[in-house]
Amino acid sequence: MFKIQRAGVTKRERGGQDHGSVSLGIQRDIYSGLSESAPKTISEKEFLKFQDLIYKEAGIWLSTVKTALLVGRLSKRLRQLELRSFAEYYNLVAEDAEERTKMLDAISTNETHFFREPAHFDLLQTKIFPRWEQEEAAGLRSRKIRVWSAGCSTGQEPYSLAMLLLERFPAAAGWEIEIVATDLSTRVLEIARNGIWDFGKASEIPDKYLEAFMLRGFGEQKGKIKAAPEIRSLIRFMRLNLNEESYPVQGPFDLVFCRNVLIYFDMHTRERILRGLLRHRSPEGYFFVGHAESLHKMADVIRSVIPTVYVTAAKAKREGHARR
Ligand SMILES: C[S@@+](CC[C@H](N)C(=O)[O-])C[C@H]1O[C@@H](n2cnc3c(N)ncnc32)[C@H](O)[C@@H]1O
């Protein structure tokens, strides 16, 4: 049974680590990936077939310098299936949609953090939230807040937003918060849905949120933290491939986060996906990308408020944001 108890995690505890079981888990993974029976090389022809399939399925572009990455990430799956060559695995994924999903799980890069890119959270608290409050007081907006975290990985992004929003806009004051969190990978979505992470991640969360919204594991869950029900209930997780023609989510959203996802796409795919995402944002909404993702090609429809945060060109003109 999951035995967990709400706990104000102290500063000392956040610094004091309890990583024993975590690092052991990682070690096991590394060794299993290097098992003798797993193929360690791929021919150029086979690589190009995987490159094409992954691009068509997910829009992710793996250049040939990513050959070792592909081999490293798929070899564990080949070993599990007791396949001896990448050619055999290609034949399987070409025919089997379920295995294609597993392949995409294996090749996706899922690094993420709580409160990643603090400038975004500062902007929310110092500019966007006060504006919403003023607009609501003036009868210009409702008390419903809708957010989309696209490419949410293991959940740190939508849970960070849930903590920030719930603190400022409590249900007791009549506010309603809805966060839709989506990703291509079913593996990361399962972790996100469970809302359980290693205790080491607590150091990324400001104390007041940790104390208010995170639970600490005891007994067999020692060394873990878990999102409290108040924030879990705000988030709806679902698999969504941004490379699809249309998205099964219903806009408009006040905030759309698509951070550190676009970097995996080529320029053409990136622009197509961006235009699709922007259609789901409210005309008054904000669009957030990662620090390495510039949208200068989209100047016909959006303008930046600060680097990597965008509003519609019309809103920017009305509010006097410079053309960037
Ligand atoms: C590096 S993580 C970024 C997580 C989070 N947004 C952040 O900034 O911390 C990138 C995520 O994008 C997801 N992803 C990659 N291609 C995708 C696609 N075609 N559709 C949806 N998600 C995708 C990956 O599975 C991965 O979880």
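Begin by selecting Ser-149 and Ala-181: Ala-181 is the bridge partner of Ser-149 in strand 3. The model is a predicted one, in which local features need pLDDT of at least 70 and side-chain atom pairs count only at pLDDT 80 or more, while totals for chains, interfaces and linings use all residues. Residues are numbered from 1 along each chain as its sequence is written. Helices (H or I, at least four residues) and strands (E, at least two) are DSSP runs, numbered from the N terminus.

Next, select strand 2 (residues 144-150) together with strand 3; seven bridges pair them in the parallel sense. Two strands pair if DSSP finds at least two bridges between them.

Now follow the chain from strand 2 through helix 8 (residues 156-168) to strand 3, a β-α-β crossover that is right-handed. This term means that, with the strands pointing away from the viewer, the path from the first strand over the helix to the second runs clockwise.

Finally, move to helix 4. Where is its kink centred? The kink, of about 35°, is centred on Leu-74; the bend at a residue is the angle between axes fitted to the seven residues ending there and the seven starting there. After helix 4, select Glu-82, whose phi is positive, near 55°.
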